[in-house]
Amino acid sequence: MRVSQFPLFTLRGVPADAETVSHRLMLRAGLIRQLTAGVYSWLPLGVRVLRKVETILREELDKAGSVEISMPTVQPRELWDESGRWEDMGPELLRFKDRHERDSCLGPTHEEVITDIFRREIRSYRQLPCNFYQIQTKFRDEIRPRYGVMRAREFVMKDAYSFHASQACFDRTYRAMFDAYSRILDRAGLEYRAVEADSGAMGGAVSHEFHVLAESGEDSIVFSTESDYAANVEKAEALAPQGARPAGTETRQLIDTPGVHTIDELVEMTQIPANRMVKTLIAAGEEGPVALILRGDHQLNEIKAAKLDGVSAPLRLLTPDEVKDALGVGVGSLGPVGLKVPLYIDRSAWHLADFSCGANIEEKHFLGVNWDVDMPQMRDDRVADIRRVAEGDPSPDGCGELKMLRGIEAGHVFQLGVKYSKSMNASVQDETGGHLYPLMGCYGFGVTRIVAAAIEQCHDDEGIVWPPSLAPFQAQVVTLGASRSEAVAEAGERIYSALKDAGVEVLIDDRDERPGVKLADADLVGIPWRIVVGQRNLAEGKVECVQRTGREVQLMSEQDAIAEVLRAVKPSSAVQRASA
């Protein structure tokens, strides 16, 4: 392909509104352009990368036994009412009415549609298992789209769904899809981890996320130093401290704390460490406010807290004004002693003795508080794991301690159980002639997101450094001064033709541009191999052969440069054909 026919829409400057490396480089390299907030057009270079991702996905999913279908983007309300998600999905679900005043939505996912197809077409357990996938545009009305295509409103996703007559059958498919995702990311050339995860709005008890590792990742994942355990920080269990709670030795004391509204300010005033304090957060409950009690140095895990009985989901913490109206005291003076709302206490806070906390009196705190003495009515059935794990915590599997990494979620596999098949009455006849609600699995993979994730992991100061399997082209020929030198133009054409004839996806920059512009664009676009033809080196029978990784320049003959590229990007048979 020639740049004169395949234009590079590169930018020199850095877009002011681009927050992440991938967003900046995707705009600068001409992969995408924003149409409106969270909605992007994909330009020719970006489309080629998308197609590379889609090819890998199709090959591995076909190998795993999944069959491709295509489902509508527009979905009727009736299906979502059956599953109960028309209201549960909230404002992310873009709802609209057609000319007949019928409610519909733009599909953010397709559990309802695939379940409807299943119940119309599948009648007997003998037709199970079945596994379908599609690669399709989705829409989720994100409240604050950001990070380019990483958290966009419109995006391309691969979603797959499977149906099973037994848990054993389901487990085999879940494992096959899990392994397929691992192969997909291996082939993409990315460093990643598969971690235990929360199922969220999809439902179900078991799920795993696949995270591409990157310092800029918006998700925290934890892993054990001594085992294979790994989990999203939202899912990871914070184990209870070992041993019995220490016996209290102090008597509760009320102190004045003027101007103290935070744990840090209380630490500074009293010189008591935060891990000997508790903090009280007030959340909306199903029947009124609910208090969540944490150790002073720990952070609330909102996903865990939202699953507590009586707590509204999704979790919503009350504002300071709402707390003052409900409890008569500011948030900086709250504490568990005498608080007249239901309490949930984190395990680590429950293990404390002689701790400090708010006194539920403005600008006053207690020192030397003990659960048994000061709140003897509290029961351990109000104790729960509601905190985020921290680096150095013991691993939940009992092996080693937890370390943290940053990751970008690329894929998510779910065990949904009968959540959708039962609510939508999608049953089949079982061996006895009765009705069987099949177990269901869901498997999502972000096609547009993986492009951004790859760039976050694979870049340098000059631009993108594509993994070879995702690169828009395998090689690029750059001619310098071809309009002034017939020898340069002819050499560039010879190299281009030889690579093209050998089956290499090759781009030749045939523009009449300055050398600096061409070389800067080549670095920015990040094609794995580059052959540069210039008059000075050509006079000595040499061209530059450059691998984008490391950017080491080798001077060699035309034939040696062609052979070097072919060895890297084509099987040995292609090298032999090219040399023949």
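Residues are numbered from 1 along each chain as its sequence is written. In this predicted model, local features need pLDDT of at least 70 and side-chain atom pairs pLDDT 80 or more, while totals for chains, interfaces and linings use all residues, and side-chain values use heavy atoms, without hydrogens and water.

Me: In what order do the 5 strands of the open sheet lie?
Reply: Strands are DSSP runs of E, at least two residues, numbered from the N terminus. Two strands pair if DSSP finds at least two bridges between them. The pairing here is mixed, and the order is β27-β26-β28-β29-β30.

Me: Which are the edge strands?
Reply: An edge strand pairs on one side only. From one strand to the next, the twist averages 20°. The edges are β27 (506–509) and β30 (553–556).

Me: Which residue in β29 stands opposite V532?
Reply: Strands β28 (residues 529–533) and β29 (residues 543–547) run antiparallel. They are joined by 4 bridges. Opposite V532 stands E544.

Me: At about what angle does helix α14 run to β26?
Reply: Helices are DSSP runs of H or I, at least four residues. Axes are lines fitted to C-alpha atoms, for helices over the stretch in contact, and angles run from 0 to 180 degrees between N-to-C directions. Helix α14 (residues 486–501) lies across β26 (475–479), β27, β28 and β29. Its angle to β26 is about 170°.

Me: Which residues of α17 make the contact with α14?
Reply: Contact means heavy atoms within 4.5 Å. From α14 come A491, R494, I495, A498 and L499. From α17 come E558, I562, V565 and L566.

Me: Which residues of α15 are buried?
Reply: Buried means under 20% relative accessible area, exposed over 50%, partly exposed in between (1.4 Å probe, protein chains only). The buried residues of α15 pack against elements including α1 (21–28), α2 (44–63) and β26. They are V517, K518, D521, A522, D523, L524 and V525.

Me: How many disulfides are there?
Reply: A disulfide is a pair of cysteine sulfur atoms within 2.5 Å. The count is 0.

Me: Is C442 buried or exposed?
Reply: The cysteine sulfur nearest to C442, that of C130, is 14 Å away. C442 has 3% relative accessibility, so C442 counts as buried.
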